[in-house]
Amino acid sequence: MHPNVPCGRLPDMQRKSRLVLGVAVALSLWGDHVPGLVERSDAAEYTGYRSLDSEQPITFDGATVTWNGRTFHLDEQTVFLDQRLDEARIAENPYAFRSIHDAAAALRSGTKEKPMRLLVAPGVYWVDDPDDAEVRVGADGGPPVGLTITCDHLTFYGLNTRRENVVFAVNRGQTQGAIGNFTMFRIVGVGLKSENVTFGNYCNVDLEFPLDPTQNRARRADAIAQAQLFHYAPHDGVAINSAFVSRLNLLPFATTYVDCHIESSGHASFHNAVYVGCTLKFQGSNFTAGKFLDCDITLEPGPAALRSATTHVFGFRDGTGVGGACIDTRFHRSREMVEHGIAAEISWDRAPQSTTTRGYQHNVTLDGKPYVIQEAFTPGATVVLAADAELLRAYKVTHEGRTYYNVPNIEPGVDPSGVTGAIEAAASAQGKSKDHFLRLPHSAALRVASGSPAAIRSGQTTTRLDVSVAPTVHATSPALGPWRFIASVPAMVDFTPVGETAVVVAGTNSTHEPVDVLIVARNQLVLEACVELTVEPAFLPPPSFSREPVITAPTDGRVTLDFELDAGPDAGADRSSITWYRCTDGQGADPLKVSVTRRDRPETTYTLTEGDVGHFLMATIEPQRTRSEAGPPRTVFLRSAIAPHDITHREIDTDFRNFPIDPQPRILPCTWTLDGALAPEATEPGQDPLYMPAPDSWTYGRGQSGSLDYFGLDQTARGARLFYTPAAGERGDMDVCARFAPDKNGGQGFGSATQQFLDVYIKYDLSTRTGYGLRIQRLTTDEITAIGYDGAGAVSGCAFFLVRHTNGITTPVSDKIMSSAFVAECTVDLSFRQGRLSAAIRSTATSRGGDAFGYLREVRLDALVPGNPHGGTGLLFTGSVGSNSVLVTHWRTTWSEGESLL
């Protein structure tokens, strides 16, 4: 068990003096059923049994288990697990087992009234053999799983009040004993519960078991891997006095936690759960959304964050708009944060923090001082509840000097602590209906109605907004009262109510530019919900041309679409959409898109490339101004072919703003290829490829997380390939300068160390897949250690090394250097000059987690290699996408005159 996991209840089953808990633990799981009112089994007698913990003795006679004043009769719905049992003596006992795998085979579905109970004596139960050297692989492309159990209403019940004395354990994670995110249990069923149990994936956490130190086990690796606990889909799990310990991708099962302990470094759960009286330790920068009632939350970032930052920013959830609640909850900085002078900023959203997010808090502190969540980023995102606020009763109720956390209101029908009666009594004592505090919504949402636009045009279009509450069964609560709608810029909108929970919004924007307006719905319960609308001025008809569009003759290596829009009314600036094509004749045959308009900047000028020689140009324009509709497209042609002397720009220099992203699989001279490719490293004999490439692998836009402040090309699938083939003929020396903004901001660059890398090509031929390049790759802990660096920093850096590609086979031609340079914005300078391949990599980021592990901030590589006649350049990205992609922000390539050194 992790040394800092606090103990559970005292042996006499008395809880902490937290007033949320009003009944005995047994009732929380067994209801009014008293175990033992069943017929005695016919199991063989077992004598001389002694449990591991002498302070909390268990007796077992083969048919019954007695602990803490309770007797459990074993049967098909109640089985006993103790690793200390004698295998031979229980051979004929169908209800007693030494291993979880044997016990799981005896489990059968229970019901809510009579659950399937797995009684577990103190000990460490390995769900997967930690000494087996075989790497675990999942079935059918899924994550590898330690044990699948199909069982409704299963309860893991530890026979010890100290949860750290009953441990289910695994120690595998992504690339650390497994291929894929290793998961301890896959539970197929409903009604899952646990009590007095610890579930731990000790891949990156030491297992310390004080009750029997011989069962201690050191973590498999220091570097954090995706190491999970449960795959359980229903939103009904309940955990009491249980611990859930791992690091990345914790994935516990419950949606209600009472007196639990949780440790995670991020991406912890898919459930928006309720936590009552829990202790939580967060080693990363996110967890998940939830409602935290009377909890202690410690921020405990790792050494990389401690050495590289002055402020640790923690957001409960990736993404925006979910919010959450913290009531009577205390945040703490770890001792190391305090010693290093690291400040903390806490928000509901990880990044970016949104003005539309709404969370609720009462009596929240950070290091003992009052603190308002997300206030430093987006003021108003948190509704601070006063002690007398009616909405506070949705979360907690005080009656006769005692406090009851209102779980049955937040999760209707769920009451693990038996507080419903006290909450009903509190309502009656205040002259309200007894269910008044059990029908209070705890949060609200404001959404654009289906089929309505998020942008409206003043005087021309409207939108409808619908407000809803959670839980939805509380929508008729008399405490709600009417909704009011408030605009951040009142002059921009008019509201027309529709019933009690909707409003139609009309724009009143008389300016020339669109305005973003925050709409807030609020009621007397002080529930709030927000949405942002774009309010445009009234749009005018499409502009006409006062001068018809024509493509001018080439001048200084460029052509221009010359036109003039009719001035007409004041409709704002030109926002025409212009697209350029390369064609095989003057009538538009075989068009290849070569340039597009983005970000409201008409692409009126096109820079000619060598690929245009012998071809004809075509341009389409959809005339539009800021305040006008777009007109029908007009197509014009340059009737004469582009001649060699028209070309003056022979280098590549693009920020991709006008770059077409359509799939383009052909290899054409002076043309970009955009497709997907399977790297040989992503295939193993007899196994499925790590990914399947997609032909449509690219998009353009703004980044996220670590790349949030940048625009560029972004991958939509693993294997995204981008490649430029120069004009035919031998090529000499060349230089490539590429800039990248990874979504990952820790330096690891990619989602995991599963052959995820980025190749930057130079002197490369795409048809034969031969040439040179720079590889940037995320490595496993062992791989980092093998090249002489500290493997504990695997999430803080990438390996950089020069490579030779020969018919698709890649061979390193330099040392592998661990560096933290692959963070936004990263610049790669890659050169081939007179037989010397060299690279220089640097980043503008000042905060680097890799400093803690001795990883270089800048990289310089150099190797003597044979020359070749090739001149292609580009990249291959084999990383996972979504929040793990890498924005390509700029690309420049130049070729020198003369021959290569062959």
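This is a predicted model: local features need pLDDT of at least 70, side-chain atom pairs count only at pLDDT 80 or more; totals for chains, interfaces and linings use all residues.
User: How do you know that R731 lies over the face of W895?

Analyst: R731 lies 5.1 Å from the ring centre of W895, and a charge sits over a ring if NZ of Lys or CZ of Arg is within 6 Å of the ring centre and within 35 degrees of the ring normal. R599 is likewise placed over the face of F711, at 3.8 Å from the ring centre.

User: What makes the radius of gyration of the chain agree with that of a compact globule?

Analyst: For 902 residues, a compact globule would have a radius of gyration near 29 Å, and the chain has 32 Å, which agrees. The radius is taken over C-alpha atoms, and the globule rule is 2.2 Å times the number of residues to the power 0.38. The C-alpha atoms fill a box of roughly 100 × 70 × 50 Å along the principal axes.

User: How many helices and strands make up the secondary structure of the chain?

Analyst: The chain has seven helices and 64 strands. These are DSSP runs numbered from the N terminus: helices are H or I with at least four residues, and strands are E with at least two.

User: Why are β34 and β38 called edge strands?

Analyst: They belong to an open sheet of four strands in the order β34-β36-β39-β38, with antiparallel pairing. Each of β34 (443-448) and β38 (493-498) pairs on one side only. The twist averages 25° from one strand to the next, where axes are lines fitted to C-alpha atoms (for helices over the stretch in contact) and angles run from 0 to 180 degrees between N-to-C directions.

User: Why is the pair of F156 and F168 called edge-to-face?

Analyst: The ring centres of F156 and F168 are 5.4 Å apart and the planes stand at 70°, so the pair is edge-to-face. Rings of Phe, Tyr and Trp (its six-membered ring) pair if their centres lie within 6.5 Å; planes under 30 degrees apart count as stacked, over 60 as edge-to-face and the rest as tilted. F156 is in strand β10 (residues 154-158) and F168 in strand β11 (residues 166-170), twelve residues apart. Both F156 and F168 are buried, a term for under 20% relative accessible area, with exposed meaning over 50% and partly exposed in between (1.4 Å probe, protein chains only).

User: What makes the pair of F316 and F331 edge-to-face?

Analyst: The centres of F316 and F331 lie 6.2 Å apart and the planes at 65°, so this pair is edge-to-face. F316 is in strand β26 (residues 311-317) and F331 in strand β27 (residues 324-333), so the pair ties together parts 15 residues apart in sequence. The rule gives a count of 51 aromatic pairs.

User: How do you know that the side chains of E263 and R247 meet in a salt bridge?

Analyst: The N to O distance between E263 and R247 is 3.1 Å; a salt bridge is a side-chain nitrogen of Lys or Arg within 4 Å of a carboxyl oxygen of Asp or Glu, so the pair qualifies. Both E263 and R247 are buried. The structure holds 38 salt bridges, among them the one between E536 and R457 at 3.0 Å, N to O. E536 lies in strand β41 (residues 528-536) and R457 in strand β35 (residues 455-457), so this pair ties together parts 79 residues apart in sequence.

User: Why does E528 count as buried?

Analyst: E528 has 10% relative accessibility and therefore counts as buried. Its salt-bridge partner R522, with closest N and O atoms 2.8 Å from those of E528, is partly exposed at 26%. Of the 902 residues of the chain, 57% count as buried.

User: Why is R601 called partly exposed?

Analyst: The relative accessible area of R601 is 45%, so R601 is partly exposed. R601 is found in the loop between β45 (592-595) and β46 (605-607).

Methods: Residues are numbered from 1 along each chain as its sequence is written. Side-chain values use heavy atoms; hydrogens and water are left out. Two strands pair if DSSP finds at least two bridges between them.
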